[in-house]
Amino acid sequence: MENKAINMDDMLREAFLDLDFNHPKNEQLLFASSNALLTKKHFIKPINGSNLGGIKLIVLIIITSVFSISIIGLNDQVEPRYQANVVSFEEFVNEEEVVVAKLPKMSLYSFNNQVTPLNSRGPKKANYFAPIIQAEKKEELKIYRPKELVEIPELSPDDVLLNEKRKKKLIKDLLKFEKTRFSEINSSVDNSEIKGLPFFSIWKTELSNFEYKIFLNDLLINQRRESYINARTHDEIWLELSADTSFMKPMEEMYSSHPAYYEYPVVNISREGAQLFCDWLTSEVNKSVKNKEKLIRIRIPTDKEWEYVASSGKKRQPYPWGGDFVRNSKGNYLANFYPVKGNYVADGAFFTTKVLSYFPNEFGVYNIVGNVAEMVDYPHSGEIGAKGGSWKDSAAYIKIYAEDINLGISEPKPTIGFRPVIVYQKEIQFNVDDEKDEVSIVLTEEQIAANNKRKAKKMSELLNLVKHDFLPMSMSKLEDSEVFKGVYIQKTEVSNIDYKTFLFDLIIQKRMDEFHIAKPNQELWRSLAIPNEPYVEFYFFHSAYDHFPVVNITAQGAELYGKWLLEEAKKVDQKNKLSHLKRLRLPNEVEWTAAATALGQHSPYPWKEKGVRNQEKKHRGKALANFKTGRGDYMGVAGNLNDNADIIAPIRSYWPNNFGLYNMAGNVAEMIQYKDGDYGCKGGGWNSNAEQIKINAIDTTKGYLKPGPTIGFRLVGEYIPESSTTIKEK
Amino acid sequence: MTLDLKKIIEQTDEERVKQLFKVYGQQLFAYANSNWKVGEDASWDIVYKTIYKLSKVINTHHFEVEQQLKSFLFKMLINYLKNYLRDERTKKGGHQEVDLNDNIPSSAETKNVNPAIGKLNKALDELEEWQRILLLMRAQGFSYSEIAKYTDKPVKHLKVYYGRLKKQLEKKIMLNEKIEVHGK
């Protein structure tokens with residue numbers, strides 16, 4: 001039986017011959033095999049020998065003829081062996097079908113004799129680089145082809161399939177935030193509510209030729225020819241580097257197309273091309289994102305972001321690897337640049353090098369300085385540039401905080417590449433023109449519906465004042481609690497989401513004057529000396545910050561919010577629950593201190609402990625509020641986090657005081673209105689120290705209150721006191 | 001390339017042969033040459049024979065769809081192949097000695113030269129249709145993805161089925177042998 005097992009395939013093959021194909025049971029088999037055979041060409045795997053009988057013949061004829069010529073000479077008597085077959089071949093095979101095997105473009109370039117091999121330590125070195133230095137001086141060498149002459153390559157169907165496959169892979173990696181390709185930069189906030197939402201992710205490497213080629217091919221597939229011409233790689237610029245054009249010829253031909261250069265950074269692309277790439281990739285990726293909150297945007301980084309990544313978290317160091325030197329203890333160079341005069345190769349790379357070369361920095365990012373300079377935006381001045389230095393710059397220019405020598409250059413250069421960042425798209429963007437008094441955004445129908453829903457929920461909460469947001473002050477066991485009869489105070493600070501519903505509702509109702517007073521000025525984040533650029537975009541608008549206290553608003557805005565809340569609630573109030581509620585306003589000093597002290601205990605803080613740490617057995621040693629522990633110490637160090645929040649914490653963090661109010665001290669300072677009408681704030685913010693968050697601390701802002709990123713508010717509800725008779729009855 | 005059936009029937013013999021050769025010749029040649037290990041010259045011969053035969057016979061048959069023509073052509077090719085292979089075998093093995101006393105062998109007996117194949121055919125008959133298609137087509141070098149079109153099974157399943165079915169066949173053949181022995 002062993003023989004049978006081995007020959008089962010052969011036996012089956014022979015059994016096929018013995019079948020009776022006229023029998024109806026074999027009809028399906030006949031149909032399948034004949035159709036499969038005769039519709040597709042060259043489907044069969046060759047078992048022995050090759051299918052290319054014809055080509056074999058031609059080769060044989062050539063060989064035999066050459067053989068006959070060379071050895072026997074031109075002897076007519078020698079008959080070619082395959083003559084008979086050749087005739088039949090020519091008769092039946094159409095000329096179009098003869099396959100001409102295309103050999104890959106190969107050209108061998110040898111360096112001049114002057115050149116020494118890379119590893120040798122001979123004395124000849126200088127001549128190697130002579131042409132490059134000359135070329136910098138001559139401007140006549142510049143070759144710019146006009147746009148009309150650009151050759152647009154045509155893709156074969158195989159290329160199209162391959163490209164689709166590669167595109168899918170790239171997008172899949174992006175959606176997963178694949179850790180081998182992208183590194184997440186959590187610049188500051190490490191809070192449970194926004195875990196998994198990095199401020200931005202950045203490509204670990206510079207963008208490679210391979211990734212850029214996917215983009216270019218996709219443009220061709222979708223027949224976006226004009227954008228292809230703008231985004232293409234300008235390979236001819238390599239020639240400018242050298243006076244001798246043959247020297248740089250291979251780079252021109254191969255760099256952007258040959259598979260050997262796939263892992264090299266893409267260069268010679270215009271600024272427009274880089275931006276086109278970002279736009280293309282965002283649109284492609286967001287097609288397959290289902291959750292709207294997770295829509296992402298890919299863009300060129302800002303200068304601050306780039307510096308933050310390069311210095312691995314705002315460390316004071318000239319180079320990404322720390323220290324003042326460009327070589328490590330073993331004497332190896334740590335980046336690809338121009339280390340020694342007249343010697344580009346000392347660091348192991350002549351021009352650019354593979355994107356995964358050298359050691360990564362602490363954030364796991366490769367080649368952030370050197371290799372190619374990376375495009376950045378300067379959002380403050382509106383300029384463009386490229387930071388980090390390139391293979392052509394000396395050690396002074398690859399420092400992190402070095403002067404940007406590529407400032408204002410948008411043309412393609414062989415020293416400029418780019419490294420995109422990934423951020424989450426915010427929900428809505430405000431573009432308010434103060435001159436025209438118009439809001440340029442228009443809320444979509446979905447957003448209006450969502451806002452109305454949120455508003456209705458808020459109103460229903462307000463109708464049951466006691467249960468949810470507000471607490472009656474008289475519940476506190478204060479000695480003279482009758483003073484506060486009918487006064488309700490909010491448990492938490494007002495959150496972003498509540499304030500957002502208010503703002504959107506103003507837009508929906510077209511109350512623009514009030515809107516301009518109430519809108520938060522997020523650019524105030526820039527007034528602080530912290531890496532704060534992301535907050536400008538995200539703090540108010542992104543849904544991750546929904547339950548954080550609202551900041552950067554004026555006192556008038558806060559009062560407007562209270563007014564609006566009461567108006568809208570009374571519209572919905574059918575059972576006249578709120579008929580006694582006179583107004584919602586900012587608390588005065590007496591009310592605020594009374595609420596903070598709660599039990600009237602003898603402690604400088606809202607809690608019973610005299611220090612700032614919890615003394616209960618279970619939570620001993622944990623911080624009781626969000627404040628600044630020491631100079632420059634906003635949250636402690638990893639493993640020993642004091643208050644676990646470097647800027648603002650969510651509204652319901654830490655322990656409430658005995659009265660049930662959260663974050664009376666710390667987090668954000670709360671606006672109050674003094675009896676003489678001045679505005680001020682109490683309680684201290686996240687950047688106040690332990691002295692400043694005491695209840696009785698002096699309010700320095702009295703009369704001079706300005707909106708800022710440390711100031712929020714909470715409201716107080718004022719009831720018309722009930723008559724004494726009704727109380728007795730109860 | 002596809003054929004216009006109407007055109008072909010109206011054409012002269014020479015044109016028809018050329019046309020048929022253009023469309024089907026290469027595949028038929030490849031099938032005979034690579035799959036059945038027939039030499040190049042011989043396989044070209046077989047292809048010519050089938051095509052000439054078809055062009056002669058084409059008017060006597062009625063084809064509505066191109067598929068009918070294809071299966072007819074394929075059937076003829078297999079017949080020619082069968083004849084060729086049988087002749088080869090007899091050449092190699094030399095002349096067969098036949099007892100004159102015995103009866104002349106009927107056509108059914110000459111069919112199965114190898115008795116093992118007869119058993120295999122019996123075992124094959126017990127299988128389902130898609131299983132037979134899978135086994136027989138795969139043995140001839142058709143790809144799984146090609147076979148999947150005619151069997152309504154996913155490609156990955158077919159790979160597994162193929163291995164299992166072969167083992168099943170072996171077991172069945174063994175069983176049949178035992179039954180024969182015990183039956184006697």
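How many bridges pair strand β10 of chain A with β11(A), and in which sense? There are three, and the pairing is antiparallel. Keep in mind that this is a predicted model. Strand β10 of chain A takes in residues 470-472, and A:P472 sits across from A:Y488 of β11(A).

β11(A) also pairs with strand β18 of chain A, residues 716-719, again through three bridges and in the antiparallel sense.

## Two covered faces

So what about the side chains of β11(A)? In general, side chains of a regular strand alternate between the two faces of the sheet. In strand β11 of chain A, residues 487-490, both faces are covered. A:V487 and A:I489 are buried on one side, while A:Y488 and A:Q490 are buried on the other.

## A four-stranded open sheet

Over to another piece of chain A: an open sheet of four strands, paired antiparallel in the order β1-β2-β7-β3. β1 (182-185) and β3 (296-299) of chain A each have a single partner strand, so they stand at the edges with one side lacking a neighbour in the sheet. From one strand to the next, the twist averages 25 degrees.

Note on methods:
Residues numbered from 1 in each chain as written. Chains lettered and ligands numbered in written order. Predicted model: local features only at pLDDT ≥ 70, side-chain atom pairs only at ≥ 80, totals over all residues. Pairing = 2+ DSSP bridges. Axes fitted to C-alpha atoms, helices over the stretch in contact; angles between N-to-C directions. Buried ≥ 20, exposed ≤ 12 C-beta atoms within 10 Å, placed from the backbone.
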